[in-house]
Amino acid sequence: MTDQRAEIYLDHFLEMDNDPLESIFRLASSLGTNEYFVYENAGTWTFAADIFAELWLDRTGAHLRSPESHRDIRWGNDPLSQVQSLLDDLPYRRWCAYGWTAFELSYAKGGDLSNIGDERLMHLVVPRTEVRITAEGARIRSVDELTLKLVEEALRDLSLVPELGSYVPVDVRNPGAHEYESAVAHAVRDIKAQVLDKVILSRTVPVPFDLNFIETYVAGRRANNPARSFLISLDGLDALGFSPEIIVRVEKSGTVTSQPLAGTRALTSDEAENRRLRKELQSDPKEVFEHAISVKTVYDELREVCDSDSLSVNGFMEVRERGTAQHLASHVSGRLAQGRRAWDAFRAVFPAVTASGVPKEAAFAHIRGHETERRGLYGGAVLTIDHEGTLDAALVLRAIYRQRGRTWLRAGGGIVAQSEPSREFEETCEKLGSVARFLVPSAADRSIIDTDTDCDAPR
């Protein structure tokens with residue numbers, strides 16, 4: 001059967017010696033676009049700019065806007081299958097979509113609208129221009145030749161480099177300490193009363209000045225070693241982050257992988273102290289239990305969509321270093337069962353157990369009752385999905401957010417029966433440190449910030 005889909009992209013490979021992070025900086029800073037999506041995945045950095053087609057999900061249903069059509073599907077019992085249907089109908093070859101899902105999608109993925117508002121739950125875009133950068137060069141795709149040339153010029157402009165002369169940390173200890181410890185104590189009481197087994201409670205920290213998000217991303221990435229990183233400017237939302245774990249990855253072959261991280265200790269500049277903390281982490285009953293129950297949950301969730309004889313747990317309780325924290329980590333993998341697709345795997349494990357709790361429905365209720373504002377992108381996902389069915393979804397943690405004139409950080413901890421409120425608060429500080437120390441003020445705000453708090457930029 002002849003493929004009737006249109007080829008919309010011009011394609012060119014540019015060989016060059018480059019620092020991929022600096023190449024991303026050049027593209028984001030010089031192309032004059034206000035809508036872009038940056039995603040780092042295993043040595044490949046993708047810059048996707050401007051919207052060719054977009055799909056979003058809200059309480060009214062799933063919506064697709066493209067040059068060829070406007071389609072709307074009213075809300076049903078399985079909104080992710082509606083997303084899949086709209087993507088299947090895209091009349092383009094070699095498309096790849098980039099976007100995010102809010103944590104609150106977890107309340108509604110079965111069709112229940114009672115716990116969501118009017119906000120978008122998912123936003124995906126097929127870009128006009130896409131640049132995939134590795135150490136060898138850049139694969140450039142664009143719908144027009146002029147943009148292709150502009151991208152090449154930006155990548156070749158070696159004079160355009162980030163100037164990270166100073167950055168300004170924010171205080172992550174004073175805001176909301178008492179309130180957070182009280183919420184943790186309440187959660188522990190509920191867990192001991194067998195209302196639930198585990199819940200992740202979070203707190204926000206305001207950033208009292210405007211940021212240069214592109215330079216902050218560069219500074220933070222140089223100081224972090226994430227599983228994935230991202231930088232988003234889309235539909236009035238700016239965000240950047242250094243994700244410590246993937247929620248799920250689905251290969252075109254049907255292989256599914258999830259990587260729960262649970263159990264935390266600080267990562268310092270003292271190697272001897274790090275070894276001591278690592279040993280403590282691996283032997284602490286509370287941390288081991290928190291990790292084990294998370295791995296079991298992911299295993300059970302994937303069993304619903306994978307061939308049962310294909311499931312395995314690899315690298316159980318290995319320690320992964322992520323920014324200013326070290327975590328217990330495991331990989332759960334399997335093979336999609338016949339008739340299952342990437343969105344089935346995403347539905348099965350979203351939201352990540354390491355950002356919600358066990359059992360999830362009880363954890364959702366506790367989160368709604370004890371956190372003071374909706375989570376939005378925090379605890380949600382940034383993701384890519386393509387025409388071959390490959391999906392890669394990273395958990396949104398260690399991130400910075402800006403929307404409607406407000407900028408903030410957010411972090412949480414996994415609460416179980418053995419949790420101590422003061423230790424859980426300290427854990428949020430350790431996690432916040434991955435981003436809070438590397439904030440680059442906007443040019444307008446640099447002159448009004450006390451430079452006594454400036455630090456040398458990370459190299």
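Buried here means under 20% relative accessible area. Keep that cut-off in mind for the close-ups below, which come from a predicted model.

**View 1. Strand E9 and its two partners.**
Strand E9 covers residues 198-206, and seven of its nine residues are buried, so this strand is mostly covered. On one pairing, E9 is joined by two bridges to strand E17 (residues 357-358), and the two run antiparallel. Look for Lys198 here, which stands opposite Val358 in E17. E9 also pairs with strand E21 (residues 406-415), again antiparallel, through eight bridges.

**View 2**
Which strands does E16 pair with? There's E13 (residues 255-258), antiparallel to E16 and joined to it by four bridges; Thr257 has Ser333 of E16 as its bridge partner. Then comes E14 (residues 261-266), also antiparallel to E16 and also with four bridges, where Thr264 is partnered with His327 of E16.

**View 3. The turn between E15 and E16.**
Zoom in on the hairpin that E15 and E16 make, with two residues between the strands. The one to pick out is Gly323, whose phi is positive, near 65 degrees.

**View 4. Helices H1 and H6 side by side.**
H1 (residues 20-30) and H6 (residues 213-223) have axes that come within 10 Å and cross at roughly 170 degrees. Angles over 145 degrees count as roughly antiparallel, and H1 and H6 are therefore roughly antiparallel to each other. On the H1 side, the contact is made by Leu21, Glu22, Ile24, Phe25, Ala28 and Ser29. H6 brings Ile214, Glu215, Tyr217, Val218, Arg221 and Arg222. Sorted by class, this contact of H1 with H6 has seven nonpolar, one polar and four charged residues.

**View 5. Helices H5 and H11 at an angle.**
The axes of H5 (residues 177-192) and H11 (residues 421-436) come within 9 Å and cross at roughly 125 degrees. H5 and H11 are therefore oblique to each other, and their crossing is right-handed. From H5, Ala177, Tyr180, Glu181, Val184 and Ala185 meet Pro421, Ser422, Glu424, Phe425 and Thr428 of H11. By class, the contact of H5 with H11 has six nonpolar, two polar and two charged residues.

**View 6. Helix H2 and its buried residues.**
Is H2 (residues 79-88) largely enclosed or largely open? Seven of its 10 residues are buried, so H2 is largely enclosed by the rest of the structure. If you're clicking through them, the buried ones in H2 are Pro79, Leu80, Gln82, Val83, Gln84, Leu86 and Leu87.

**View 7. Glu104, a charged residue in a loop.**
Glu counts as charged, and Glu104 lies in the loop between strand E6 (96-101) and helix H3 (105-108). Why does Glu104 count as buried? Its relative accessibility is 4%, and the cut-off for buried is under 20%. Setting aside neighbours within four places in sequence, Glu104 is in contact with Ile116, Glu119, Leu121, Arg374, Arg375 and Gly376.

Note on methods: Residues numbered from 1 in each chain as written. Predicted model: local features only at pLDDT ≥ 70, side-chain atom pairs only at ≥ 80, totals over all residues. Heavy atoms only, no water. Axes fitted to C-alpha atoms, helices over the stretch in contact; angles between N-to-C directions. Parallel < 35°, antiparallel > 145°, perpendicular 65-115°, else oblique. Contact = heavy atoms within 4.5 Å. Pairing = 2+ DSSP bridges. Buried < 20%, exposed > 50% of the residue type's maximum accessible area, 1.4 Å probe, protein only. Left-handed = near helix turned anticlockwise from the far one by under 90°.
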